[in-house]
Each structure stands twice: as structure tokens, then as C-alpha cells.
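Please look through the sequence and the model shown here before reading on.

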Amino acid sequence: MRETSARLLRLLSLLQMRREWSGADLAERLDVTPRTVRRDVDKLRDLGYPVHASVGVGGGYQLGAGAEMPPLLLDDEEALAVAFGLQSGATGSVEGLGDSSLRALTKLRQVMPSRLRHRLDALRIDVVPQGAPRSAVDAKVLSAIASLCHVHERLRFDYRTNDGTESRREVEPHRLVRAGARWYLVAWDLTREDWRSFRVDRMTPKTPSGPRFTPRELPTGDAAAFVSSGISRALSQVTARVLLDAPIEQIAPMVDEYWGALESADGDRCVIELRGESAAGIAGWLTAFGVDFTVLDPPELREECLQRAEHHAMLSERYRRS
């Protein structure tokens, strides 16, 4: 019985490794007869594993998807990757997965051999409780949109833009893309007759979904590149040049080339070129450097910084008097 169980596990592992196996190949790998392979396949089916068989030239065995989730066989590295992913994903940009992630991690850890539990414990991380980010999306919403992308059905939703404007949209959903902590839907906008990307956390999907459609070809061919290009355009709406009273070596570690570029200036100062969505946003970034600065351009950024300075001075005076 023990030998048979070990052979079944080995057979299951082989079926998970490759899309299709011939009976002869499996018999050779397991060092048994083709008849024994057929009997072991029947035992796997009794356990709930959907093993499909085809006959004739090129026929063989294939592990398919079933109605329920059967046990999986994972090698050491796969098990660690899944466990660490569950541990890291307990908090993040998708709401509604935290408890499920922790339950799955507990079940996985219980059946891990000690050598893997020790490695997983070494990877254990502490998370500062900050709650879900403002851009977090509900797991059910994300799953529903992903399903419509897969079955090619139109999606209707209310959408809120960055300035608070709301509108009803109808699109042909193409692909979901994650960029940092945000999720985007790339879709063909039926009203504007053009490709658009939408932040999922600003969407309120409506039911029922629309009719089926024939998928269009995205011009860039890559949904992630399309979203990245859109983000770059948004961050380039305002460009500013600022003189910082600090050497370039001090500022460089705090600057990402995605939104800023540095150059040396006279003395122990440097000039930074910033790209952002608005002057207000860039003014907020400047405070993070913690040094004195002079706005070189544009004038609206200089005005924004002056207004903030006056506001902070007023608050400080109120606090001092109180």
C-alpha cells in the first residue's frame, strides 16, 4: 500500500510537470507496466483529479481542471514562493484577501516539512499596520472585471476622474494592469472611440454586463506599456526646475529618474528638474528633501510654495499663542 501511494504521488507530480504524457513514457518513468499506469490513473480520478485520456497516435494522459480544488504537489521552491507570496499579500492593494491569505498560509505551513518551515520563518516579515491604501480595490470587483476581459463582454461603470468629475462609461475591457499599488483597466471606450486606461479604484461597475464583442488589437500590443505611457504623460503635465541648497550627493538617493533629474550647481548646491501632475503636487514633494530651495520655474510653483509658507506660518503663530 505504501509503495502504491508513493507511486500515485509520483504519477501526479509527473502529470503536473508537463501538459501531456504518453502511457509508455509514464510507464518508463515509474518503472511499471502500461496496465499499472492505467489503474493508477483510475485511482487518481477516484480521488478527484480530472485526468483526461486520448487514444490513437499521439494519444496520452493530461491533467485537466475539475469542479473542485484537489491537493497540489509543489517542490520546495514552489512551496516557499507560494507561502511568501501569501505572507506578503495579506495586506496590499486588493481588499478582501487578507483573511483568505492567512488561512491558506496556515494550511500550507502545517503540511510543510521542517526544513521548509525553517526557511519560511527566516523570511517572516513584520508589517506596519497602515490599513489598505486609498487606491485599494475590492477583490470581487477585480475578479468580475477580469472575467469580462476573458469572456469579451462589454462593461458599464460610473467613473470619477482626478478632479472629481463623474461620468457613465461603456467599454470593451481588454486587460487589467497593476502599476505599483494601483490597478488599471485598459479598454476600448465606445463613446470616445479610442483606447483608454481607467483606475479601477475609481470605477463603480454596473450590472448586468453588456453584449459580447470581438476583441480589438491594442496598438502598442502591450497593455502594461500602454498604462506606463499614460502615467508618464500624467506626470509630465507640469515641469519645474528648483535650486536646492544641498550637494547632489545628498539629494541623489532620494530621486527616482522616473520623475526627476539632477545636475550640479555652483558651490554645494544642485538643480533638480521635476515632473508632476500639478504645481501643488510638486510643492509637496519639495518639502520631503528637507533643505532650503529656490524655485527657478514655473511661476505658478513659486506662488504655490509662497502660499504654503504663509499658511504654515499662520498655523505656527496660532499654536504659539495657544
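Contact here means heavy atoms within 4.5 Å. This is a predicted model, in which local features need pLDDT of at least 70 and side-chain atom pairs count only at pLDDT 80 or more, while totals for chains, interfaces and linings use all residues. Residues are numbered from 1 along each chain as its sequence is written, and side-chain values use heavy atoms, with hydrogens and water left out.

The chain as a whole contains 11 helices and 13 strands, where helices (H or I, at least four residues) and strands (E, at least two) are DSSP runs numbered from the N terminus. Of its 322 residues, 31% are buried, a term that means under 20% relative accessible area, with exposed meaning over 50% and partly exposed what lies in between (1.4 Å probe, protein chains only). If contacts between residues at least 6 apart in sequence are taken, 56% of them join residues at least 24 apart.

D40 counts as buried because its relative accessibility is 1%. When residues up to four places away in sequence are not counted, D40 touches R7, L8 and L11.

The next subject is the sheets. Strands of a sheet pair through backbone hydrogen bonds, either parallel or antiparallel; in the present description, two strands pair if DSSP finds at least two bridges between them.

Another open sheet is built from 4 strands in the order β11-β12-β10-β13, with antiparallel pairing. Here β11 (260-264) and β13 (293-297) stand at the edges, and each has a single partner strand, so one side of each is left without a neighbour in the sheet. The twist from one strand to the next averages 25° in this sheet.

Strand β10 is largely enclosed by the rest of the structure, because 5 of its 7 residues are buried. β10 pairs with β12 in the antiparallel sense over 7 bridges, and the partner of V238 in β12 is G276. Strand β10 (residues 238-244) also runs antiparallel to β13, to which 4 bridges join it; in β13, L243 has T294 as its bridge partner, and L244 has F293.

Two helices accompany this sheet. Helix α10 (residues 279-287) packs on the sheet and touches β10, β12 (270-276) and β13, its direction making about 140° with that of β12. Helix α11 (residues 299-321) lies across β10 and β13 and runs at about 150° to β13.

How do these two helices meet? The axes of α10 and α11 come within 9 Å and cross at roughly 60°. That angle makes α10 oblique to α11, given that angles under 35 degrees count as roughly parallel, over 145 as roughly antiparallel, 65 to 115 as roughly perpendicular and the rest as oblique. In their contact, A279, A280, I282, A283, G284 and L286 of α10 meet E300, L301, E304, C305 and R308 of α11.

Finally, V255 is found in the loop between α9 (248-251) and β11. V255 is buried, with a relative accessible area of 18%. Leaving aside neighbours within four places in sequence, V255 is in contact with G260, A261, L262, I272 and F289. V255 and F289 are 34 residues apart along the chain, and their C-alpha atoms are separated by 9.5 Å.

Terms used. Axes fitted to C-alpha atoms, helices over the stretch in contact; angles between N-to-C directions.
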